[in-house]
Amino acid sequence: MHVTGYRCTHCKREYAYSEDMLTCEHCGDLGILDILFDYTAIKKEFTRETLASDRTNSIWRYRALLPVEGHNWEQFLRVGWTPLYRSHALERSLGLKALYIKDDGLNPTASLKDRASVVAVSRARELGYKTIACSSTGNAASSLAGNASRMGLKSVIFVPERAPKGKVAQLLIFGANVISVQGNYRQTFELSAAAIEKWGFYNRNAGINPIMAEGKKTAALEIAEQLCFNPTDWVAVSVGDGCTIGGIYNGFNDLYKLGLLERIPKLLGVQSSGCAPFVKAANNNGKLEPAEENTLADSIAVGVPRNVEKALRAVRESFGAWVEVSDEAILSAMRTLGSTEGIFGEPAGVAATAGVVEALSKGLIKQNESVTVLCTGSGLKDVSNAMLAAGEPFSCPPDLHALEKSGRIGK
Ligand SMILES: [Zn+2]
């Protein structure tokens, strides 16, 4: 493991590496930590050549850059190395130079969160924990439950009662102890934090545990490698808690520091208008106020995000931008990705695509630029919103004449 220590994102104090440290001793929960790596040592074993000869088709091809020992990684669910599709149809209709879609709904539990969960499960085992816990709007929870189940750890999961049934069903099938909290995500998070402290579980809460963003950064490492280390001008990411976009920045930043990238792509942070605390903070000198959670994109409905500095930094230091999109635009993006590319994303999963449309209309993304959108989760997790986007099928009696008469099938 090439971890050298931690730096607080809030007060910038540095700490030596210690196994149990989660947040800054001075700043408490505000002091989300960055993990520091020994890039000189990593450079010796992690190069374009070593990657080219590595046949590992999961996040473990980047184990030199992960804050875990990675023992027995072959036994874990296969997470990562998801496809990056070029969308000729959408780049034509939007007037972009190139548009790629990274479909992270194809991870084992059908969301990008598997990248963090598998690293968390690996770490929990290394530290000797038997039970791992988190609060989640749904995907992190089902992801943790699945990855823990595979590796023989128990999971205790806190979800807000609004979590879609598909995600709750996954949790129960994976054998998690599911606590459905009668409240919003903030209350769910607070109950989970209190329970974790009381019972001493390993804490997978993405806002708190700094290794989560490091797991998620593997999506950026893959995008870079899949584009032969010449990434698109922009990478668009939907944002809830801020951990994912923070991780994406870390991934590109790692490669930049290792001399494998000449530039870091501009990051487009996309939120739903019904819950856009980061967009408002970016327009308010970085001061984040709690927001309502009023959007059908449940995975990014986080009114009180925890990874504030990591997310704001990701956009600021990559010279990116923030945009918000309506629920209608999200449903429209869902239809567009499904009907033109065969990709079925959940509302939060397709929000980044809606964000690109918005950023183009505002002139933030220029028409001669190239973009990668990250699709963070599968639409099968939230079928009721998918039906809202797609509408109902044509109902027909079992009779050919009736079908013909309906005019439903054209020539
Ligand atoms: Zn601090």
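Colleague: In what order do the six strands of the open sheet run, and what is the pairing?

Modeller: Keep in mind that this is a predicted model. The order is β4-β5-β13-β10-β11-β12, and the pairing is mixed.

Colleague: What makes β4 and β12 edge strands?

Modeller: Count their partners. β4 (84-86) and β12 each have a single partner strand, so one side of each has no neighbour in the sheet. As for the twist, it averages 25° from one strand to the next.

Colleague: In which sense do β5 and β13 pair, and over how many bridges?

Modeller: Parallel, over six bridges, with β5 covering residues 98-103. Two bridges are enough to call it a pair, and β5 and β13 have six.

Colleague: On to the helices. How do you know that the span of α14 agrees with what a helix should give?

Modeller: Set the two values side by side. α14 has 15 residues (347-361), and at 1.5 Å a residue these should span 21 Å; the end C-alpha atoms are 21 Å apart, so the two agree. There is still a bend of about 25° in α14, at T353.

Colleague: Why is α14 called largely enclosed?

Modeller: The cut-off for buried is 20 or more other C-beta atoms within 10 Å. In α14, 12 of the 15 residues are buried, hence the wording "largely enclosed by the rest of the structure". Among them are P347, G349, T353 and A359.

Colleague: What do those buried residues of α14 pack against?

Modeller: Strands and helices both. The strands are β10 (234-238), β11 (266-272), β12 (321-325) and β13 (370-375), and the helices are α13 (327-341) and α15 (383-390).

Colleague: Why is α13 said to be roughly perpendicular to α14?

Modeller: α13 and α14 pack at about 100°, and their axes are 8 Å apart. The range for roughly perpendicular is 65 to 115 degrees, so that is what α13 is to α14. The contact involves residues including I330, M334 and L337 of α13 and V350, A354 and V357 of α14.

Colleague: What about α4: how far does it reach, and how many of its residues are buried?

Modeller: α4 (residues 114-126) has 13 residues and reaches 18 Å from its first C-alpha to its last, close to the 18 Å expected at 1.5 Å a residue. Of those 13 residues, 12 are buried, so α4 too is largely enclosed by the rest of the structure. D114, R115, R123 and R125 are among the buried ones. Their cover includes β6 (131-135), α5 (139-150), β9 (202-203), α8 (211-216) and α9 (218-226).

Colleague: Which residues with positive phi follow α4 and α14?

Modeller: α4 is followed by G128, with phi near 85°, and α14 by G363, with phi near 80°.

Colleague: What makes the phi of K12 worth a look?

Modeller: Most residues other than glycine have a negative phi. K12 is not a glycine, yet its phi is positive, about 70°. You'll find K12 in the loop between β1 (3-8) and β2 (14-16). N72 is another non-glycine with a positive phi, near 55°, and its place is the loop between α2 (48-53) and β4.

Colleague: Why do K12 and N72 count as exposed?

Modeller: Exposed means 12 or fewer neighbours. K12 has 10 C-beta neighbours inside 10 Å, so it counts as exposed. N72 has 10 inside 10 Å as well, so N72 also counts as exposed.

Methods:
Residues numbered from 1 in each chain as written. Predicted model: local features only at pLDDT ≥ 70, side-chain atom pairs only at ≥ 80, totals over all residues. Helix = DSSP H or I, 4+ residues; strand = E, 2+ residues; numbered from the N terminus. Expected span 1.5 Å × (residues − 1). Bend = angle between axes of the 7 residues up to and from the residue. Contact = placed C-beta atoms within 7 Å. Axes fitted to C-alpha atoms, helices over the stretch in contact; angles between N-to-C directions. Parallel < 35°, antiparallel > 145°, perpendicular 65-115°, else oblique.
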